[in-house]
Structure formats: structure tokens, C-alpha cells
Amino acid sequence: DDVGFAVRAGEFAALTGPNGSGKSTLLRVALGLLTPAAGRVELFGVTPRRLRQRWRVGYVPQRLRIAPDLPATVEEVVRSGRLAKQGWWRWAREVDRHAVDHALESVALSDLRRRRLAELSGGQQQRALIAKALASEPELLVLDEPIAGVDVEAQQLFRDSLVHLRDEHGAAVLLVSHELGAVADDLDRVVVLKH
């Protein structure tokens with residue numbers, strides 16, 4: 001109700017607030033996954049549903065449930081993050097392989113790249129989904145409670161990869177989280193929702 005904010009290129013913003021304050025709902029409205037009852041939302045100057053270059057937005061939702069029979073490996077899932085940018089009909093180029101390798105290193109999953117995603121722990125699966133979003137090299141990375149259940153070492157790697165994406169690529173980062181400790185020193189702005 002009456003929320004207004006913008007996240008600009010190169011900005012690292014956090015959206016926080018108590019459970020039930022509307023953080024995830026606001027995020028889904030901003031991404032075009034829910035239609036707002038009133039007001040307007042723009043992504044790169046257009047409504048979310050009119051955005052054609054979907055690779056420009058990377059999104060890591062709150063805990064996805066992975067199908068236990070999903071045959072994809074960690075590397076395949078992370079590589080799928082490149083498809084919207086490179087096109088599904090193209091062979092992976094060196095730049096694509098480098099982006100996937102870097103994303104896997106950023107979340108400390110390089111040694112598990114050949115394992116099936118369904119074989120990993122919940123925290124490892126979440127790190128793989130973060131790596132998938134990082135591999136796309138988005139202009140805006142939106143993360144909804146991405147580090148719940150992720151160990152402290154992985155949180156530090158995660159923080160480093162977000163700062164790298166912002167500093168080296170000029171990307172905007174919008175992080176929704178109750179726990180901002182790992183990134184507190186790097187945030188440009190915190191938006192707090194109440195009621």
C-alpha cells in the first residue's frame with residue numbers, strides 16, 4: 001500500500017521487514033509475476049510483461065522445491081542461466097563457459113558441478129540457483145531470501161559475487177532478506193516494509 005522506490009544501475013539495495021509485511025509479494029509484483037491492484041511498475045522503462053530481453057533480470061526465488069527425479073546436473077542448471085542471453089539454438093561459446101565457471105566458483109560448487117541437482121542438500125540447491133542467476137550476468141539481480149540455510153563460508157562467497165556483479169558489471173542488486181549481516185557493509189540503501 002503506497003510503496004514507491006527505484007533501484008538504479010550499480011546500486012545494491014535491500015528490502016527487509018517482518019514476516020507478513022509484503023516483501024515477497026512486492027517482489028513478485030515488481031517482476032510481473034503478480035498484477036498490481038493499483039499503481040505502476042516498470043523494469044527498464046517498460047511494464048514487466050512487456051520486457052522482451054528477460055536476461056536483463058536475474059531472479060532467485062525463495063526456496064524452490066526440486067523434483068527428486070530431475071536428471072539435470074548442477075552445471076547444466078547453471079548453464080541454463082545463459083540461454084536467455086545467448087539463445088537456445090547456439091553452441092556455448094568461451095564467454096558462456098567462463099561465466100558458468102565463475103558462477104560456480106562464486107557459490108563454492110565447482111567440485112559438485114557433475115552431481116545431479118536433486119542429490120544436493122537444500123542449501124547447495126539454493127546456491128546452484130544463485131549461480132544460475134549469476135551466470136546470466138543480469139543488469140538487475142533480484143534475490144528473495146537467497147541465503148537461508150547457506151553456511152557462513154558460502155555466504156561470504158555469495159557476498160563477494162554480488163559485489164563483483166555490481167562493481168565490475170554495473171548491475172543493480174535487490175536483495176530481500178531478514179539477514180543482512182553478510183552484505184551490511186556493501187549496501188547502498190535499505191528499504192524497510194512495515195504493516
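Q: Buried means under 20% relative accessible area, exposed means over 50%, and partly exposed covers what lies in between; with these limits, why is arginine 56 called buried in this predicted model?
A: The relative accessibility of arginine 56 is 17%, and because buried requires a value under 20%, arginine 56 counts as buried.

Q: What makes arginine 56 and glutamate 139 a salt bridge?
A: The closest N and O atoms of arginine 56 and glutamate 139 are 2.9 Å apart, and because a salt bridge requires a side-chain nitrogen of Lys or Arg within 4 Å of a carboxyl oxygen of Asp or Glu, the pair qualifies. The two partners come from distant parts of the chain, with arginine 56 in the loop between α1 and β2 and glutamate 139 in the loop between α5 (122-135) and β3, 83 residues apart. At 30% relative accessibility, glutamate 139 counts as partly exposed, because that class lies between the 20% and 50% limits.

Q: How do you know that glutamate 75 forms a salt bridge with arginine 114?
A: The closest N and O atoms of glutamate 75 and arginine 114 are 2.3 Å apart, which is within the 4 Å limit. This pair, too, links distant parts of the chain, for glutamate 75 sits in helix α2 (residues 74-80) and arginine 114 in the loop between α4 (94-106) and α5, 39 residues apart.

Q: Why do glutamate 75 and arginine 114 fall into opposite classes, buried or exposed?
A: Glutamate 75 has a relative accessibility of 15% and therefore counts as buried, since the limit for that class is under 20%. Arginine 114 has 62% and therefore counts as exposed, since that class begins over 50%.

Q: What makes aspartate 96 and arginine 82 a salt bridge, and which parts of the chain does the pair tie together?
A: Their closest N and O atoms are 2.8 Å apart, again within 4 Å. Aspartate 96 lies in helix α4 and arginine 82 in the loop between α2 and α3 (83-86), so the pair ties together parts that are 14 residues apart in sequence. Aspartate 96 and arginine 82 are both buried. Elsewhere, salt bridges with shared partners join Glu75, Asp101, Arg113 and Arg114 into one network, and the structure holds 14 salt bridges.

Q: What makes the phi angles of alanine 108 and glutamate 137 worth noting?
A: Most residues other than glycine have a negative phi. Alanine 108, which is not a glycine, has a positive phi of about 60 degrees, and glutamate 137, also not a glycine, has a positive phi of about 50 degrees. Alanine 108 is found in the loop between α4 and α5, and glutamate 137 in the loop between α5 and β3. At 28% relative accessibility alanine 108 counts as partly exposed, and at 23% glutamate 137 counts as partly exposed, because both values lie between 20% and 50%.

Q: Why is glutamate 145 called buried, and with which residues is glutamate 145 in contact?
A: Glutamate 145, in the loop between β3 and α6 (152-169), has a relative accessible area of 15%, and glutamate 145 is therefore buried, the limit being under 20%. Leaving aside neighbours within four places in sequence, glutamate 145 is in contact with Lys23, Gln62, Gln126, Val176, Ser177 and His178.

Q: How do you know that the chain is as compact as a globular protein of its length?
A: The chain has six helices and five strands, following the pattern β-α-β-α-α-α-α-β-α-β-β along the sequence. The radius of gyration is 16 Å, close to the 16 Å that the globule rule gives for 195 residues, so the chain is as compact as a globular protein of that length. Buried residues make up 47% of the 195 residues, and among contacts between residues at least 6 apart in sequence, 74% join residues at least 24 apart.

Key. Residues are numbered from 1 along each chain as its sequence is written. This is a predicted model: local features need pLDDT of at least 70, side-chain atom pairs count only at pLDDT 80 or more; totals for chains, interfaces and linings use all residues. Side-chain values use heavy atoms; hydrogens and water are left out. Helices (H or I, at least four residues) and strands (E, at least two) are DSSP runs, numbered from the N terminus. The radius of gyration is taken over C-alpha atoms; the globule rule is 2.2 Å times the number of residues to the power 0.38. Buried means under 20% relative accessible area, exposed over 50%, partly exposed in between (1.4 Å probe, protein chains only). Contact means heavy atoms within 4.5 Å.
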